[in-house]
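Hi,

Here's the structure I promised to pass on. Have a look, then read my notes below.

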Amino acid sequence: MEEYNEELVRKTGHTLSEIAAHAIGMHYTDVPDPGPIAVLPMTCGQGVIGGFSETVAGILSFLGVSTFVPSSPDAKGFAEAMERKAEIVFMADDDRFIAAHLKTGYCSDNSEATGKGYVAALDYMTGGLKDRCVLILGAGPVGRSAAFSVLNFGGKIAVYDKDSKVREKLAQDIFSQSGQYVHLEKDFDSAIKNHRAIVDACPEAGFITQDHLYSDSFIAAPGVPLGVHSDALDQISSRLVHDPLQLGVATMLYELLNK
């Protein structure tokens, strides 16, 4: 986590905490002490992902909050969280990763928080998204959240998704909620070559190649696996933000503490 945090500072000028706070429009020094946080193991669906709860707990502990993993999963683990006076519970199954503030009743969704966190990192990394057109690759839950977050930072949006209905639905929703128009890209190669600020929210590996990148390209990549081809990593690594969990978890925490 220390190495990852130092990498963020090199790329964006800001720490993980600062980026997460920026994602929801608050200063990281404003965070109140939330009390104990439980990261609850879950066994429903295909079963517990090895080390997932411990990894999330490690990220939260790095952010300076008191965190524990109940000794049992599911309902028994939740009972333990209550007995240990947990204020917040993080939990995930095959379909959703959420965190709930037990006093306020607010629930943070990882997909939404991840989109916000990565756009905040992109805003810092590029020197500001205001009036800049950002290309959103993938119009699923993370891409949708990222698109709305770009608007909050004063940017403009172009969207590419292989599914025309999905990208059109996102454009319609953005217009109905904000009155902002979205440029719908139909060709991937021309879309990525015409934009320098990119959010890769696609669950596809290695489709962004050296030919797609320029010296002033910046990529925030919440998509797993990473969409940047291995041959292009040296070219973009100093202007690329990507991790499996950290930014999303940090943004979830700050979102809960701001409610």
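Helices (H or I, at least four residues) and strands (E, at least two) are DSSP runs, numbered from the N terminus. This is a predicted model, where local features need pLDDT of at least 70, side-chain atom pairs count only at pLDDT 80 or more, and totals for chains, interfaces and linings use all residues. Residues are numbered from 1 along each chain as its sequence is written, and side-chain values use heavy atoms, leaving out hydrogens and water.

Now the helix pair: the axes of H3 and helix H10 (residues 246–257) come within 10 Å and cross at roughly 60°. H3 and H10 are therefore oblique to each other (under 35 degrees is roughly parallel, over 145 roughly antiparallel, 65 to 115 roughly perpendicular, the rest oblique). Where they touch (contact means heavy atoms within 4.5 Å), Val56, Ile59 and Leu60 in H3 meet Gln246, Val249 and Leu253 in H10.

On to the sheet: it is open, with five strands in the order S2-S1-S3-S4-S5 and mixed pairing (two strands pair if DSSP finds at least two bridges between them). Strands S2 (67–68) and S5 (107–109) are at the edges with a single partner strand each, so one side of each has no neighbour in the sheet. H3 (residues 52–62) packs on this sheet, touching S1, S2, S3 and strand S4 (97–101). Strands S1 (residues 37–40) and S3 (residues 88–92) run parallel, joined by four bridges.

Cheers

Methods. Axes fitted to C-alpha atoms, helices over the stretch in contact; angles between N-to-C directions.
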